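Subject: Structure for your review

Dear colleague,

Please find below the structure that I am handing over to you. My notes on what was found follow it.

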Amino acid sequence: QVQLVESGGGWVQPGGSLTLSCAASGSTVNINTRAWYRQAPGQARDLVASINRFGDITYTDPVKGRFTISLDNDKETMSLLMKSLKPDDTADYYCQATTIENFKYVTYWGQGTQVTVSS
């Protein structure tokens, strides 16, 4: 089992910056991939960025060059630095972790943190 807790959401003006954090606990040694997703009102939950156990990183096109995903050295906290924020970035942001348990992929989610970008 893995527990994920997000923090760092809030309100920010367009062009501003915000950093989200995701603290993992439990069987974190089994985590294969971590990711940030976001879900705007009335929209599907979409992948924002991911990082695997080898350090390979991917970003969805709308956030490339503006968002940076990272993992602390202790591999317990994942962060998402968001710069040049736009109103379209307004959404609930979720932390996700995927583990391999008994040869099966298991997905865990945090409770989400709200990000609002408006003037």
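A residue is called exposed when its relative accessible area is over 50%, and buried when that area is under 20%. Please keep in mind throughout that this is a predicted model.

I begin with the loop between β9 and β10, where Phe103 lies. Because its relative accessible area is 84%, Phe103 is exposed. Asn102 is found in the loop between β9 and β10 as well, and Asn102 counts as exposed because its relative accessibility is 71%. Most residues other than glycine have a negative phi. Phe103, however, has a positive phi near 70°, and for Asn102 the value is positive too, near 50°.

- With β10, β9 runs antiparallel and is joined by 6 bridges; Gln96 stands opposite Trp109 in β10.
- With β4, β9 pairs in the antiparallel sense over 8 bridges; Ala35 stands opposite Gln96 in β9.
- With β11, β9 runs antiparallel and is joined by 3 bridges; Tyr93 stands opposite Thr113 in β11.

What is Phe67 in contact with, leaving aside its neighbours within four places in sequence? Its partners include Val48, Leu80, Met82 and Tyr93, as well as Arg38 and Asp89.

Arg38 deserves a separate note. Arg38 has its place in strand β4. Is Arg38 buried or exposed? Its relative accessibility is 13%, which is under the 20% limit, and therefore Arg38 counts as buried. The side chain of Arg38 makes a polar contact of 2.9 Å with the side chain of Asp89. Leaving aside neighbours within four places in sequence, Arg38 is also in contact with residues including Arg45, Asp46, Val48, Phe67, Asp88 and Tyr93.

With kind regards

Note on methods
Residues are numbered from 1 along each chain as its sequence is written. This is a predicted model: local features need pLDDT of at least 70, side-chain atom pairs count only at pLDDT 80 or more; totals for chains, interfaces and linings use all residues. Side-chain values use heavy atoms; hydrogens and water are left out. Contact means heavy atoms within 4.5 Å. Helices (H or I, at least four residues) and strands (E, at least two) are DSSP runs, numbered from the N terminus. Buried means under 20% relative accessible area, exposed over 50%, partly exposed in between (1.4 Å probe, protein chains only). A polar contact is a pair of N or O atoms within 3.5 Å; within protein, one must be able to donate a hydrogen and the other to accept it, and residues adjacent in sequence count only if both atoms are side-chain atoms. Two strands pair if DSSP finds at least two bridges between them.
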